[in-house]
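Hi,

Here is the structure I promised to pass on. My notes follow below it.

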Amino acid sequence: MLRLTRIKCVIAGLGVAAAAISPGMALAQPAKPLKKVTIAAGGVTVLNVTYPWLMMPIALDYWKSEGYDVQVIAAPGSVQAVQQLATGNVDFAQVSSNVAIQANVTSNIPARVVMNNSVIDWAVAVQADGPMQKVSDLKGKNIGIVSLASGGLPLLKSMLKANGLDPDKDVNIIATGAGAPALEALKSNRVQGLMFWNAAIAGFENAGAKLRLFRSPDWQRLPDFSLATTQRAIERDPAMVEAIVRGAAKASLFAVSNPECVRKLHWARFPESKPTGSDDATLARWDDNLLRAQLESMKAAFEMNGGKLWGRATPEAFGRMQDFMLDAKLIDRKIAPATFVIASDRFFERVNDFDAQAVAKQAQSCAAAR
């Protein structure tokens with residue numbers, strides 16, 4: 001009887017539960033846990049507005065909507081980010097193109113670029129009202145660079161050579177660090193030029209510097225910032241790789257559609273990245289300038305890679321970069337350029353298969369920042 005009573009109680013309990021569910025209503029299923037993904041961004045300490053393809057997918061829940069909980073961490077440099085990728089500590093690495101190439105050519109690390117986000121946008125900045133009118137005027141002068149291990153060093157040397165200067169004899173290249181120390185070196189005439197990337201130069205201009213820029217036109221044909229993963233990750237979880245790049249591609253379109261909204265969202269979601277030292281209107285202008293500089297490079301990469309697919313990376317572009325690196329003696333041999341880029345058929349078409357009009361409309365309304 002005891003056993004029968006227990007069975008009746010269970011049946012009665014089920015009856016009560018069943019009565020609470022209307023016909024045709026399914027039992028609620030527990031939410032599927034988000035899969036954790038980590039991205040190392042090389043060469044940064046604070047992920048500010050100049051990384052919209054990495055930070056906006058978090059702010060806008062693009063990755064979360066596809067089932068991924070993504071953390072972006074800062075790495076001291078691209079080399080360290082690739083090392084983290086090779087050891088399996090991170091799933092993706094945001095790196096300079098030359099480091100992605102060196103990983104394959106010299107270190108036998110099968111890093112595969114799954115998204116190209118910018119072109120080479122470095123320049124030598126000189127005082128706008130100074131005597132340096134052309135590159136050859138730098139003969140006998142000091143040129144500052146963030147460090148003597150910087151990827152900008154071979155670019156600088158190639159430009160000096162192209163303008164008739166011997167980079168090892170005709171100029172003195174000095175490590176200045178970044179930010180305020182570098183700009184102070186220029187203002188104090190300790191250096192007469194600064195070799196830096198576009199967003200860093202925008203930072204100098206935010207600080208009041210009036211600059212003239214020298215660039216090589218060839219650099220606009222070379223890829224730079226790129227998102228990479230390993231061949232093993234591509235084979236093990238292609239859906240994850242596709243989802244991460246699709247979120248970044250959507251964020252890229254969002255950013256170019258309404259840069260001001262990107263800055264507002266960034267400040268709201270990542271308040272530690274907001275600059276300090278002035279009133280909000282000035283801080284907004286500073287970050288808008290930084291973002292504008294980055295978006296110029298992103299748009300140039302978009303056009304270089306066909307002008308239709310966000311993030312598209314091509315063997316042809318990375319082949320040009322490899323040729324430059326061989327000429328600059330950064331590598332001592334070449335491999336097939338297709339090695340550097342994901343080989344999945346129609347990969348970039350698939351990651352761009354989203355409602356572009358809806359993303360642009362979302363950016364224009366900027367509802368998420370309110």
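In strand 3, A93 is the bridge partner of A40. This is a predicted model: local features need pLDDT of at least 70, side-chain atom pairs count only at pLDDT 80 or more, and totals for chains, interfaces and linings use all residues. Residues are numbered from 1 along each chain as its sequence is written, and side-chain values use heavy atoms, with hydrogens and water left out.

Helices (H or I, at least four residues) and strands (E, at least two) are DSSP runs, numbered from the N terminus. Two strands pair if DSSP finds at least two bridges between them.

Strand 3 covers residues 92–95. Strand 1 (residues 35–42) pairs with strand 3 in the parallel sense, over 3 bridges. Strand 10 (residues 226–230) runs antiparallel to strand 3, also joined by 3 bridges. There, V95 stands opposite S226.

In a regular strand, side chains alternate between the two faces of the sheet. Here F92 and Q94 point one way, A93 and V95 the other. All are buried (under 20% relative accessible area, 1.4 Å probe, protein chains only).

Now the helices. Helix 11 (residues 259–269) packs on helix 12 (residues 280–304) at about 120 degrees, axes 10 Å apart. Axes are lines fitted to C-alpha atoms over the stretch in contact, and angles run from 0 to 180 degrees between N-to-C directions. Contact means heavy atoms within 4.5 Å. Helix 11 contributes P259, V262, R263 and W267. Helix 12 contributes residues including D280, L283 and L295.

Best wishes

Note on methods
Buried < 20%, exposed > 50% of the residue type's maximum accessible area, 1.4 Å probe, protein only.
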